[in-house]
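This briefing sets out selected features of the structure shown below. The points are grouped by topic.

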Amino acid sequence: TEVCTTNNHGRGITAEEVLNVLRHDGFFPELNVDYDSVVDVKYQGNRIHIEIIDNEYVRITMRLGFNEGEFDHLILHRMANYVAETVRCIKVILLKEVIVFAVEFFVSGISEFANYYKRYLDIIVESLYRSYRIYQDHETESREGQTEKSCSNTESNLEFMVSPNNQLKS
């Protein structure tokens, strides 16, 4: 199904075209208030950013914020490595107080974006769920006294939750 697009003759895509595709598919996207090349959209309860770079490169991200010291960084690194190894196309970036899940790709036109973007959104959400499972597994191991398999500096009652505004909660 062709969606309403501008004719850029195969030279990539624009934020306006992405907005049109998302609206056509039943989403309620918004142009980011700070960056006119970024579209914000909710997907399965998560706030997602779709950034168009030079009309041909797309970066889809979900950011999870947390307070420094709230989680053990060794476990965060294990989580990031596990997710990056087990989920195709995903990048997991650990920053001081943010975890970024990202999928990046080139597009030649809006039809190509329209055909694949939902798959990329699913990859990001699956990465979040796998991250959650790692923390749950760690919590279970700690309760069962199997701390030698996990990091000894984390609390046994660690709960990994995501608030509506994509903040990690302990």
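In which segment is Ile13 found? Ile13 is found in the segment before H1, where helices (H or I, at least four residues) and strands (E, at least two) are DSSP runs, numbered from the N terminus. The model is predicted: local features need pLDDT of at least 70 and side-chain atom pairs count only at pLDDT 80 or more, while totals for chains, interfaces and linings use all residues. Residues are numbered from 1 along each chain as its sequence is written, and side-chain values use heavy atoms, with hydrogens and water left out.

**Ile13**

- Ile13 is buried, with a relative accessible area of 0%; buried means under 20% relative accessible area, exposed over 50%, and partly exposed in between (1.4 Å probe, protein chains only).
- Although Ile13 and Phe113 are 100 residues apart along the chain, their C-alpha atoms are separated by 8.2 Å.

**Aromatic pairs**

- Rings of Phe, Tyr and Trp (its six-membered ring) pair if their centres lie within 6.5 Å; planes under 30 degrees apart count as stacked, over 60 as edge-to-face and the rest as tilted.
- The count by this rule is 5 aromatic pairs.
- The pair of Phe27 and Tyr43 is tilted, because the ring centres are 5.9 Å apart and the planes stand at 45°.
- Phe27 lies in the loop between helix H1 (15–24) and strand S1 (30–31), and Tyr43 lies in strand S2 (residues 38–43), so this pair ties together parts that are 16 residues apart in sequence.
- Phe27 counts as buried at 16% relative accessibility, and Tyr43 counts as buried at 10%.
- Phe27 also forms an aromatic pair with Tyr117, which is edge-to-face, with 6.3 Å centre to centre and 70° between the planes.
- This second pair links distant parts of the chain, since Phe27 is in the loop between H1 and S1 and Tyr117 is in helix H3 (residues 110–143), 90 residues apart.
- Both Phe27 and Tyr117 are buried.
- Phe27, Tyr43, Phe113 and Tyr117 are linked into a cluster by ring pairs.

**Strand pairing and hairpins**

- Two strands pair if DSSP finds at least two bridges between them.
- S2 and strand S3 (residues 46–53) run antiparallel and are joined by 6 bridges; the bridge partner of Lys42 is Arg47 in S3.
- S2 and S3 form a hairpin with 2 residues between them.
- S3 and strand S4 (residues 57–65) run antiparallel and are joined by 5 bridges; Ile52 stands opposite Val58 in S4.
- S3 and S4 form a hairpin with 3 residues between them, and Asp54 in the turn has a positive phi of about 55°.
- S4 pairs with S6 in the antiparallel sense over 9 bridges, and Ile60 stands opposite Val103 in S6.
- Strand S5 (residues 91–94) is joined to S6 by 4 bridges, and the two run antiparallel; the bridge partner of Val92 is Phe101 in S6.
- S5 and S6 form a hairpin with 3 residues between them.
- In a regular strand the side chains alternate between the two faces of the sheet.

**Positive phi in the loops**

- Gln44 is not a glycine, yet it has a positive phi of about 50°.
- Gln44 is placed in the loop between S2 and S3 and is partly exposed, with a relative accessible area of 47%.
- Asn55, also a residue other than glycine, has a positive phi near 60°.
- Asn55 lies in the loop between S3 and S4 and is partly exposed, with a relative accessible area of 34%.

**The largest pocket**

- On a 1 Å grid over the protein atoms alone, a pocket is an open set of points where a 1.4 Å probe fits, with protein on both sides within 12 Å along at least five of seven lines; lining residues have an atom within 4 Å of a point.
- The volume of the largest pocket is about 190 Å³, taken as the space filled by probe spheres set on the points, which are joined across faces, edges and corners.
- The lining of the largest pocket has 13 residues, of which Val38, His49, Glu51, Thr61 and Arg63 lie nearest its centre.
- S3, S4 and strand S6 (98–106) are the elements that give two or more residues to this lining.
- The lining residues divide into 5 nonpolar, 3 polar and 5 charged; Ala, Val, Leu, Ile, Met, Phe, Trp, Tyr, Cys and Pro count as nonpolar, Asp, Glu, Lys and Arg as charged, and the others, Gly among them, as polar.
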